[in-house]
Protein chains: 2
Amino acid sequence: MRFLVPFESTTPKTRLDGVLDAAERGAFSRAMLRDVCEAVADAGHTAEVLATAPVSVDTSVTVDERPLSAAINARLGDERVGIVVADLALVTSAAVDRLTDAAADADVAIAPGRGGGTNALVVDHPEFRVDFHGVSYRDHRALAREIGASIGVVDSMRLATDVDVPADLVEVLLHGDGEAASWLRAAGFELDASGGRVGVRRE
Amino acid sequence: MRFLVPFESTTPKTRLDGVLDAAERGAFSRAMLRDVCEAVADAGHTAEVLATAPVSVDTSVTVDERPLSAAINARLGDERVGIVVADLALVTSAAVDRLTDAAADADVAIAPGRGGGTNALVVDHPEFRVDFHGVSYRDHRALAREIGASIGVVDSMRLATDVDVPADLVEVLLHGDGEAASWLRAAGFELDASGGRVGVRRE
């Protein structure tokens, strides 16, 4: 199956600006993107990056300057298509398999993200369109019901964990085993359990 | 299988004090406890609540004033035992099944919680003991390796989402369908998508 991987190349991961400078945010976000593309390929699918500007990754890249949802919707139609966001640093081919397994019995398979987002989909219905703004998990479910599309939901922590804020780096250090986790360790990040909650610190 | 469900009856869920008063935190935490016990029972297992003080729940309750880890370790030994924390408001019998499926091939099955915690286990090794302090997911894995116990890990958002802070209530409202979700809605909580991130507000 073809998997679209939207990527914001210009100013990625701005909410990590407390712990990473702009160049580092770019490098880290590209490492996550490569991990996502590798998991998709390892699961037997074809990743196609939709980037706002050219980016170096060993996968087909299409530059589309439109906002995320518009760029994806321009590519939805009669053919079954997967979509996975580029900041899923914990994703594995097994997690991709679970998404496609859920899609076998449903017109639309959804992997919810933490906080009401949508982190991955498989769409097999000609009328379905995405809108990643707001409580997109709720909105995508409502749209599917409206157009009579059946829904499958994937219960996966790996698919639910998009990396947006410094607290999310804890998950990458603990559960990631790809380039993004290696990048963080090489940059000196480690777990910090000295406070009440587990966080990260940098050497 | 017997599942231990440790419950802090005295001052539960103190980190929700910004949005719930003490009596409400008690009522909400008991609703989550009942949801957990129901999911365990629906999956065909026997829930045994280990509470720091008596609590009203339609399940066997043992009062044990020791700290969480000590109370559980006193009950680990030769018999296979499940453990699930009491604040998993999203847990379903299907999620419990996935944990026990992982346990079929492993001496210790672990469901990691967000932030390095451990939210559920099935222990089938006489030397394994729990320690829920700090980065317990990492520590439990290290102990299992040390004693030669094989490890199974469950990739589940429902098992990973323990409810500690107000942001976690978003997940309960979106994905919960038990007593805890109903309690929150009856108390006037709803999703708030007016800011940058999705949160909750109370009417």
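Reply: In chain B, α6(B) packs against helix α7 (residues 179-186) at an angle of about 105°, and their axes are 9 Å apart. Helices here are DSSP runs (H or I, at least four residues), numbered from the N terminus; axes are lines fitted to C-alpha atoms over the stretch in contact, with angles from 0 to 180 degrees between N-to-C directions. α6(B) is therefore roughly perpendicular to α7(B), a term that covers 65 to 115 degrees.

This is a predicted model, in which local features need pLDDT of at least 70 and side-chain atom pairs count only at pLDDT 80 or more, while totals for chains, interfaces and linings use all residues. Residues are numbered from 1 along each chain as its sequence is written, chains are lettered from A and ligands numbered from 1 in the order in which they are written, and side-chain values use heavy atoms, without hydrogens and water.

From α6(B), B:L169, B:V172 and B:L173 meet B:A180, B:A181, B:L184 and B:R185 of α7(B); contact means heavy atoms within 4.5 Å. By class, this contact has 6 nonpolar, no polar and 1 charged residues.

The contact between the chains takes 28 residues from chain B and 28 residues from chain A. Across this interface there are 12 residue pairs in polar contact, both residues being at pLDDT 80 or more; such a contact is a pair of N or O atoms within 3.5 Å, one able to donate a hydrogen and the other to accept it, and residues adjacent in sequence count only if both atoms are side-chain atoms. On the side of chain B that touches chain A, α6(B) gives the most, with 5 residues.

Note on methods: Helices (H or I, at least four residues) and strands (E, at least two) are DSSP runs, numbered from the N terminus. Angles under 35 degrees count as roughly parallel, over 145 as roughly antiparallel, 65 to 115 as roughly perpendicular and the rest as oblique. Ala, Val, Leu, Ile, Met, Phe, Trp, Tyr, Cys and Pro count as nonpolar, Asp, Glu, Lys and Arg as charged, and the others, Gly among them, as polar.
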